[in-house]
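Please prepare a briefing on the structure shown below, with attention to pockets, cavities, packing and backbone geometry.

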Amino acid sequence: MVISVPRLVIAAPSSGSGKTTVATGLMAAFASRGLAVSPHKVGPDYIDPGYHALATGRVGRNLDAYLCGTELIAPLFAHGARGCDLAVVEGVMGLYDGAAGEGELASTAQVAKLLRAPVVLVVDASSQSRSVAALVHGFASWDPEVRVAGVILNKVGSSRHEEMLREALDESGVPVLGCLRRAAQVDTPARHLGLVPVAERRSDAVDAVGAMAEQVRRGCDLDALYALARGAGELAGAAWDAAEAVVSSPPPPLPVPSLGAAAPRPPHRPERPRPQTPDGLRVVAVAGGAAFTFSYAEHAELLTAAGAEVVTFDPLRDEQLPDGTGGLVIGGGFPEVYAPELSANEPLRKAVAELAFAGAPVAAECAGLLYLSRELDEQPMCGVLDVSARMSERLTLGYRDAVAVSDSALAVAGTRMRGHEFHRTVVEPGAGAAPAWGVRAPERRVEGFVQQGVHASYLHTHWASQPGVARRFVERCRTS
């Protein structure tokens with residue numbers, strides 16, 4: 001099978017150069033021309049894909065060679081881009097920056113090579129003129145396998161400034177495909193973990209994306225960029241398929257009941273029946289809304305392929321879990337921002353606790369861990385885990401190489417997975433009697449909690465790398 005979707009990778013010399021503005025603006029501008037645009041983001045970022053989805057009307061998807069392995073980059077790309085006229089891939093950090101100490105692994109450059117895609121370099125030109133040519137020449141010549149095929153100049157101050165930049169770049173041999181002036185209206189608000197997600201500022205986000213599209217339309221040569229994308233090389237191979245991945249994953253042995261520290265069930269929280277859906281499937285409730293915006297689209301696709309009915313609920317608004325809930329997935333997000341509101345929804349907190357104490361499988365990552373805690377910044381949470389969570393001044397950030405320590409609803413002990421941590425909170429204690437993960441790099445430690453059917457951890461993982469996780473989780477939903 002041959003993959004021949006026109007595609008561009010939008011990269012930069014460093015973070016803060018304007019990749020998100022340019023990539024999102026290009027997606028929206030091309031979509032407004034009637035093209036079906038497939039949006040992608042290199043790395044583990046959850047927030048930028050939300051803006052990409054707003055720009056294109058399609059799910060934003062991540063391409064992370066550390067979390068998923070290099071062999072899945074092209075198949076996952078083809079899965080997301082199936083049936084599209086154009087794919088735009090936003091890079092991460094600087095073009096050649098990847099996982100610390102791992103060479104080019106997980107860098108934008110590596111993904112561009114795996115996709116055989118031309119790279120357009122977004123350069124913040126606000127404090128330079130002729131030096132821009134040396135900068136672009138260095139990036140274009142550093143790795144001969146990376147095709148830096150064009151430059152978009154960002155934050156250009158004036159017509160004279162643009163003229164000097166273009167004259168300098170004439171000598172580099174890399175064409176200028178766009179020139180964007182400084183524009184405050186395209187700025188998006190940020191806080192402790194980056195941009196504010198789309199779900200929290202929907203109308204303002206729509207306006208910001210519209211402004212990005214208009215700036216790109218005015219300043220970029222869309223015809224030249226599309227022609228460049230159509231010149232991308234063909235890729236051999238098949239698109240990733242969730243059903244196929246689940247079927248080919250190893251059989252999911254159930255957790256050993258004696259492993260894991262089971263919390264005592266309070267007498268006023270009796271086990272309640274969890275009815276199956278009419279066709280015999282279990283409902284897997286997935287937390288969403290403004291407080292829980294971090295998720296990979298492939299997780300829901302894998303759960304569905306494994307036989308679950310996936311239903312989204314909002315812990316800020318819904319007072320009960322979806323009817324028939326047999327399993328619960330609570331991903332990442334910003335519960336610390338909404339701690340009072342989450343705490344005030346006492347009926348849902350009790351429903352979550354009842355489900356967990358009844359032994360149903362619960363998968364919680366980062367924000368989910370905080371929500372299951374006893375308290376978050378002194379606000380009562382679900383109380384499933386006897387831990388206290390609070391904001392911290394220290395940012396914990398980076399890829400992690402981990403191995404499952406305890407049998408759980410997600411994995412058998414010894415299962416190796418790679419993950420990513422990104423938080424400015426701490427939980428005390430940091431691990432339970434039955435930890436979720438043993439982190440092997442960058443430092444050796446245990447973290448997280450396995451308790452009855454609960455698997456809670458700070459580690460964000462991408463289930464496409466281990467489809468058996470979804471299959472095992474749904475099997476546990478059927479047998480718990």
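The second largest pocket of this predicted model is lined by 48 residues, and Phe292, Thr293, Phe294, Ser295 and Tyr296 lie nearest its centre. About 950 Å³ of space lies in this pocket. On a 1 Å grid over the protein atoms alone, a pocket is an open set of points with protein on both sides within 12 Å along at least five of seven lines, and lining residues have an atom within 4 Å of a point. Grid points are joined across faces, edges and corners, and a volume is the space filled by probe spheres set on the points.

**Basis of the values**
- Residues are numbered from 1 along each chain as its sequence is written, and side-chain values use heavy atoms, with hydrogens and water left out.
- Because the model is predicted, local features need pLDDT of at least 70 and side-chain atom pairs count only at pLDDT 80 or more, whereas totals for chains, interfaces and linings use all residues.

**Second largest pocket**
- Its lining comprises 29 nonpolar, 15 polar and four charged residues; Ala, Val, Leu, Ile, Met, Phe, Trp, Tyr, Cys and Pro count as nonpolar, Asp, Glu, Lys and Arg as charged, and the others, Gly among them, as polar.
- Elements that each supply at least two lining residues include α2 (48-56), α11 (297-305), β12 (283-287) and β14 (325-330); helices (H or I, at least four residues) and strands (E, at least two) are DSSP runs numbered from the N terminus.

**Cavity**
- One cavity of 30 Å³ or more is found in a search of the whole structure, a cavity being a set of points where a 1.4 Å probe fits but cannot get out.
- The largest cavity has 11 lining residues, with Gly333, Glu336, Cys366, Leu370 and His423 nearest its centre.
- Strand β19 provides the largest share of that lining, four residues, and α14 and β19 each supply at least two.
- Six of the lining residues are nonpolar, three polar and two charged.

**Nonpolar cores**
- The largest nonpolar core has 115 residues, and Leu153, Leu225 and Trp463 have the most contacts inside it; such a core is a set of buried Ala, Val, Leu, Ile, Met, Phe, Trp, Tyr and Cys residues joined through side-chain atoms within 4.5 Å.
- Helix α1 (residues 19-32) gives the most to this core, with seven residues.
- A second, separate core of 40 residues includes Phe292, Leu369, Leu385 and Ala389.
- Beyond residues up to four places away in sequence, Trp463 touches partners including His299, Val329, Glu365 and Met417 (contact: heavy atoms within 4.5 Å).

**Backbone geometry**
- Most residues other than glycine have a negative phi, and most peptide bonds are trans.
- Cys366 has a positive phi of about 55 degrees and is found in the loop between β15 (362-365) and α14 (367-372).
- At 6% relative accessibility, Cys366 counts as buried (buried: under 20% relative accessible area; exposed: over 50%; partly exposed: in between; 1.4 Å probe, protein chains only).
- Phi of Met93 is near 50 degrees; Met93 lies in the loop between β5 (86-90) and α5 (108-115) and is partly exposed at 36%.
- The peptide bond from Glu428 to Pro429 is cis, with omega near 0 degrees, and Pro429 lies in the loop between β19 (416-428) and β20 (437-441).

**Overall fold**
- The chain contains 15 helices and 24 strands, and 59% of its 480 residues count as buried.
- The C-alpha trace spans about 75 × 45 × 45 Å along its principal axes.
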